[in-house]
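Welcome, and please open your viewer. We will go from stop to stop, selecting a few pieces at a time.

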Amino acid sequence: MIADDIRALLRRDARADRVVPPTGFTAHLTLFVSGAMAFLTVFALALSLASGRLADRWASELAGAATLRINAPAEQRAAQTEAALEVLKQTSGVASARALSAEEQAALLAPWFGPDLPLDTLPVPQLIEIIEGEPGLDTMGLRLRLAAEVPGAVLDDHSRWREPLVDAATSLRRLGWISILLIGGATAAMITLAANASLAANAQIIEVLRQVGARDRFIAGAFVRRFTWRAFFGAVVGTVLGLTGVLLLPEASDAGGFLTGLGFQSADWLLPAVIPVLGAAVAFAATWSAARRKLKELS
């Protein structure tokens with residue numbers, strides 16, 4: 001039965017098209033609501049996909065590296081650094097380890113203290129960059145060995161930074177999908193109200209159609225067809241405007257951080273094409289349900 005209704009919807013029926021007046025506030029309301037909701041859906045989808053990419057990138061980048069900090073007096077720092085590097089060479093799960101140069105450490109501190117920071121006059125700890133390999137780094141065992149052989153070594157596996165960042169990005173992705181569901185529900189509610197208003201305004205026409213032998217299925221199909229196509233065309237316009245807005249967003253850059261790169265990438269640009277179809281499907285279901293219910297009330 002549903003398949004027959006869909007085929008009837010796609011087939012042009014001049015008689016059914018004349019049942020529902022082509023103008024009126026319900027027509028404008030349906031077009032505006034579907035267009036506005038499609039516009040918002042494009043941005044919610046872009047936010048969700050970008051947040052997913054961000055969570056994956058932060059997890060992969062921070063999970064594969066660790067930092068060893070040598071907190072020791074200046075006269076012992078070089079010896080403890082060599083001892084720590086020797087321990088790391090013998091540790092399973094460490095692909096490579098190297099001590100950062102004074103220039104690299106100054107570059108790391110430059111955003112906070114400026115480019116002319118005199119490291120040789122400050123008690124800045126020596127940093128050792130650790131790249132993890134297979135089968136993975138046993139951080140607890142490494143900490144115990146370093147505590148015994150290199151008293152001034154402090155291991156940071158970035159977990160305290162990685163987990164909150166990944167959780168925040170994952171929450172943003174979840175919020176994007178929840179927003180899409182809420183937008184779909186709001187669209188269905190508004191189209192239902194518009195369909196009920198149109199059916200109530202055309203109650204006399206419906207009564208005349210019944211008197212001349214028209215079935216409720218024919219009458220409901222006329223309203224469903226008109227509202228579904230209105231929602232589809234409105235969603236197409238809203239999707240195009242939304243994609244235009246996404247194209248105007250700044251591209252991804254290191255300077256902008258997570259505030260940039262919120263658009264679509266590669267095959268993701270095809271996903272918004274589904275929005276008008278989903279909008280039409282929501283309008284079809286909402287109008288069909290409203291029409292059947294209203295026609296029973298008018299019986």
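How many helices and strands are there in the chain? There are 10 helices and 4 strands; helices (H or I, at least four residues) and strands (E, at least two) are DSSP runs, numbered from the N terminus. Before you select anything, note that this is a predicted model, in which local features need pLDDT of at least 70, side-chain atom pairs count only at pLDDT 80 or more, and totals for chains, interfaces and linings use all residues. Residues are numbered from 1 along each chain as its sequence is written, and side-chain values use heavy atoms, with hydrogens and water left out.

**The whole chain**

Colour by secondary structure and follow the chain from the N terminus: the elements run α-α-α-β-α-β-α-β-α-β-α-α-α-α. Of the 299 residues, 39% are buried (buried means under 20% relative accessible area, exposed over 50%, partly exposed in between, with a 1.4 Å probe and protein chains only).

**The sheet**

Now select the strands. They form an open sheet of 4 strands in the order β2-β3-β1-β4, with antiparallel pairing; two strands pair if DSSP finds at least two bridges between them. β2 (94–99) and β4 (153–156) are at the edges with a single partner strand each, so one side of each has no neighbour in the sheet. On average, neighbouring strands are turned by 20 degrees against each other, direction ignored.

Zoom in on β1 (residues 65–70), which pairs with β4 in the antiparallel sense over 4 bridges. Here Leu68 stands opposite Leu155 in β4.

**A residue in β3**

Show what Ile128 touches, not counting residues up to four places away in sequence: among them are Ala66, Leu68, Thr81, Leu85 and Ala97. Contact means heavy atoms within 4.5 Å. Leu100 is 28 residues from Ile128 in sequence, yet their C-alpha atoms are 5.8 Å apart.

**Helix α4**

Next, select helix α4 (residues 74–89) and its buried residues Arg77, Gln80, Thr81, Ala84, Leu85, Val87 and Leu88. These buried residues pack against β1, β2, β3 (126–132), α6 and β4.

**Helices α8 and α9**

Move on to α8 (residues 203–211) and α9 (residues 216–247), whose axes come within 10 Å and cross at roughly 145 degrees. Which residues meet here? Ile206, Leu209 and Arg210 in α8 meet Asp216, Ile219 and Phe223 in α9. By class, this contact has 4 nonpolar, no polar and 2 charged residues (Ala, Val, Leu, Ile, Met, Phe, Trp, Tyr, Cys and Pro count as nonpolar, Asp, Glu, Lys and Arg as charged, and the others, Gly among them, as polar).

Stay on α9 and pick Thr239, which counts as buried at 5% relative accessibility. Leaving aside neighbours within four places in sequence, Thr239 is in contact with Ala38, Val42, Pro272, Ile275 and Pro276.

**Last stop: a loop**

Finally, select Ser266, in the loop between α9 and α10 (274–297). Ser266 is not a glycine, although it has a positive phi of about 45 degrees. With 67% relative accessibility, Ser266 counts as exposed.

Note on methods: Axes fitted to C-alpha atoms, helices over the stretch in contact; angles between N-to-C directions.
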